[in-house]
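This briefing goes through one protein chain, topic by topic. Keep the sequence and the 3D view at hand while reading.

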Amino acid sequence: MKIATIIARSLLGLIFVVFGSNMFLHFIPMPPPPEGPARDFMTALFVSHYLYVVGALQVLGGLLLFTGRWTPLGLTLLGPVIVNIVCFHALMAPAGLPLAIVVSVLALFLLWNYRKNFAGILVDAPAQSDSRSQQATARTVAVHS
């Protein structure tokens with residue numbers, strides 16, 4: 001399982017570093033988006049320069065995955081990007097959906113393998129607010145006594 005994790009992490013990191021770098025360097029020719037909402041959406045991203053933010057997140061997240069030292073942080077950065085890519089291809093440009101699904105499966109596999117790092121956001125926190133309110137009540141009672 002460790003080898004599969006390294007392969008998935010490296011492959012996902014490489015995908016995002018290459019395609020994120022392409023947003024800045026344009027070394028892979030991009031075909032024009034199909035007519036309709038996909039073209040309008042891509043035009044809005046390009047004109048607003050938001051595409052550079054997405055590219056920077058892709059490069060940074062991909063490098064974090066590729067190095068392997070901060071994989072959970074890389075997954076956290078890339079999570080919203082992956083959701084946006086899947087939604088874009090599922091709703092507006094279905095031709096790219098197979099690659100988006102492969103990227104999603106790799107990310108889900110890594111999330112599962114690094115689930116211990118995300119356990120804190122998924123479990124109930126201890127009832128600290130109850131103990132604080134009890135302490136405040138105890139102080140109030142002590143002051144008024």
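How many of the 145 residues of the protein chain, as a percentage, count as buried? The share is 28%. The model is a predicted one. The protein chain has six helices and zero strands.

**Overall layout**

- Take the contacts between residues at least 6 apart in sequence: 66% of them join residues at least 24 apart.

**Helix 1**

- Helix 1 has 24 residues, which should span 34 Å at 1.5 Å a residue; the end C-alpha atoms are 34 Å apart, so the two values agree.
- The buried residues of helix 1 are Thr5, Ala8, Arg9, Leu12, Gly13, Ile15, Phe16, Val17, Gly20, Ser21 and Asn22.
- These buried residues pack against helix 3, helix 4 and helix 5.
- Ala8 belongs to helix 1 and counts as buried because its relative accessible area is 3%, where the cut-off for buried is under 20%.
- Setting aside neighbours within four places in sequence, Ala8 is in contact with Leu106, Phe109 and Leu110.
- Ala8 and Ala107 are separated by 99 residues in sequence, while their C-alpha atoms are 8.0 Å apart in space.

**Helix 3**

- Helix 3 covers residues 50-67, which makes 18 residues.
- From first C-alpha to last, helix 3 reaches 26 Å, close to the 26 Å expected at 1.5 Å a residue.
- Leu51, Val54, Gly55, Gln58, Val59, Gly61, Gly62, Leu64 and Leu65 are buried in helix 3.
- The cover over these buried residues includes helix 1 (2-25), helix 2 (37-47), helix 4 (71-91) and helix 5 (97-113).

**The largest nonpolar core**

- The largest nonpolar core holds 16 residues.
- Within this core, Leu12, Phe16, Leu65, Leu75, Ile82, Val103 and Leu110 touch the most other members.
- Helix 1, helix 3, helix 4 and helix 5 each give at least two residues to this core.
- Which residues does Ile82 touch, not counting residues up to four places away in sequence? They are Phe16, Val103, Ser104 and Ala107.

**The largest pocket**

- Rolling a probe the size of a water molecule over the atoms shows where empty space is left.
- The largest pocket holds about 1,300 Å³ of space.
- Its lining is made of 38 residues, and Met23, Met30, Met42, Phe88 and His89 lie nearest the centre.
- At least two lining residues come from each of helix 1, helix 2, helix 3, helix 4 and helix 5.
- By type, the lining of the largest pocket has 30 nonpolar residues, seven polar and one charged.

**The second largest pocket**

- The second largest pocket has about 170 Å³ of space.
- Its lining consists of Leu75, Thr76, Leu78, Gly79, Ile82, Val83, Ser104, Ala107, Leu108, Leu111 and Phe118.
- Helix 4 and helix 5 are the elements that give two or more residues to this lining.
- Helix 4 gives the largest share of the lining, six residues.
- Eight residues of the lining of the second largest pocket are nonpolar, three are polar and none is charged.

- Most residues other than glycine have a negative phi, and most peptide bonds are trans.
- His26, a residue other than glycine, has a positive phi near 55°.
- Where is His26 placed? His26 is in the loop between helix 1 and helix 2, just after helix 1.
- His26 counts as exposed because its relative accessibility is 56%, and exposed requires over 50%.
- His49 is also a residue other than glycine with a positive phi, near 65°.
- The loop between helix 2 and helix 3 holds His49.
- Is His49 exposed or partly exposed? His49 is partly exposed, because its relative accessible area is 49% and exposed starts only over 50%.

Methods: Residues numbered from 1 in each chain as written. Predicted model: local features only at pLDDT ≥ 70, side-chain atom pairs only at ≥ 80, totals over all residues. Heavy atoms only, no water. Helix = DSSP H or I, 4+ residues; strand = E, 2+ residues; numbered from the N terminus. Expected span 1.5 Å × (residues − 1). Buried < 20%, exposed > 50% of the residue type's maximum accessible area, 1.4 Å probe, protein only. Contact = heavy atoms within 4.5 Å. 1 Å grid on protein atoms, 1.4 Å probe; cavity = no way out; pocket = protein on both sides within 12 Å on 5 of 7 lines; lining within 4 Å. Points joined across faces, edges and corners; volume = space filled by probe spheres on them. Nonpolar A, V, L, I, M, F, W, Y, C, P; charged D, E, K, R; others polar. Core = buried A, V, L, I, M, F, W, Y, C linked by side-chain atoms within 4.5 Å.
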